[in-house]
Amino acid sequence: YQHHGLNWLAFLDKNQLGGCLADDMGLGKTLQTITFLQHLKETNPKSQTSLIIAPPSVIFNWKNEIEKFCPSLKLLVFTGANRIENKDNFTKYDVIISTYGSLLNDVELLKNFKFHYVILDESQAIKNPNSKRYKAVRLLHSYNKIALTGTPIENNTFDLYAQLNFLNPGLLGNMTHFKNNFSDAIDKEKDVDASQLLSKIITPFMLRRTKEQVATELPEK
């Protein structure tokens, strides 16, 4: 299933479409993404720097997994009080990782750089389209985008809107259209047709596997 995830990301890359890898927690979204970044480097050594935005609690895990599985990827952890010292060195790295908090402070700097990929880890962090986080990530420039989340929908169907609009702007129409025709119709009126139509629209751009689905491929505990 991880090979399939990598192939899916490569397919989206070829067609310059954003995608949300929404596998259950613990199924290796980080590793599939790192492998994809390694693939980009090997197939196009001149490809630009990619930016990962993640919660502070998982920065250490990203760093560890890159060092363990793809040590040839040059990584800059762009956090902490002294991070701005590296603002002119982005092109020396394959991957830059920062936090949502740092992004809010650095967006004026980061929005002037053209990244190869912008990758949002725990992308439910931008589910509110009126939030500063969402507005900040929309200002970033990149060839393509990926979102990673084990919980694309935390509370209601509307959670999908901001995440998918970040990935592929305009895919779901404007906010009012989505609320009226999809999220309210599905959550409040239990409209099956609206649910099926939304599923058809988003399926090409979202890959989700549950632990139950891939149980036979998982190693023994």
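Q: What makes a stretch of this predicted model a helix or a strand?
A: Helices (H or I, at least four residues) and strands (E, at least two) are DSSP runs, numbered from the N terminus. Phe 166, for instance, has its place in helix α6, residues 159–167. Residues are numbered from 1 along each chain as its sequence is written. In this predicted model, local features need pLDDT of at least 70 and side-chain atom pairs count only at pLDDT 80 or more, while totals for chains, interfaces and linings use all residues; side-chain values use heavy atoms, with hydrogens and water left out.

Q: Why is Phe 166 called buried?
A: Buried means under 20% relative accessible area, exposed over 50%, and partly exposed in between (1.4 Å probe, protein chains only). Phe 166 has a relative accessibility of 1%, and therefore counts as buried.

Q: Which residues does Phe 166 touch, leaving aside those up to four places away in sequence?
A: Contact means heavy atoms within 4.5 Å. By that criterion Phe 166 touches Val 118, Leu 120, Ile 126, Tyr 134, Val 137, Arg 138, Lys 145 and Ile 146. Phe 166 and Lys 145 are 21 residues apart in sequence, and their C-alpha atoms are 8.0 Å apart in space.

Q: How do you know that the span of α3 agrees with its number of residues?
A: The expected span of a helix is 1.5 Å times one less than its number of residues. The 14 residues of α3 should therefore span 20 Å, and the end C-alpha atoms are 21 Å apart, which agrees.

Q: What puts the buried residues of α3 on the same side?
A: The buried residues of α3 are Val 58, Ile 59, Trp 62 and Ile 66. They cover an arc of only 125° around the axis, so they lie on the same side of α3; the arc is that of the directions from the helix axis to the C-beta atoms. The face turned away from this buried side carries the exposed residues Ser 57, Phe 60 and Lys 68.

Q: Why are the buried residues of α1 said to line one face of the helix?
A: In α1 (residues 2–14), Gly 5, Leu 6, Trp 8, Leu 9, Leu 12 and Asp 13 are buried. Seen down the axis, these residues fall within an arc of 160°, so they line one face of α1. On the other side of α1, His 3, Asn 7 and Lys 14 are exposed.

Q: Which elements do the buried residues of α1 pack against?
A: They pack against β1 (19–21), α2 (29–43), β5 (114–121), β6 (141–148) and β7 (206–207).
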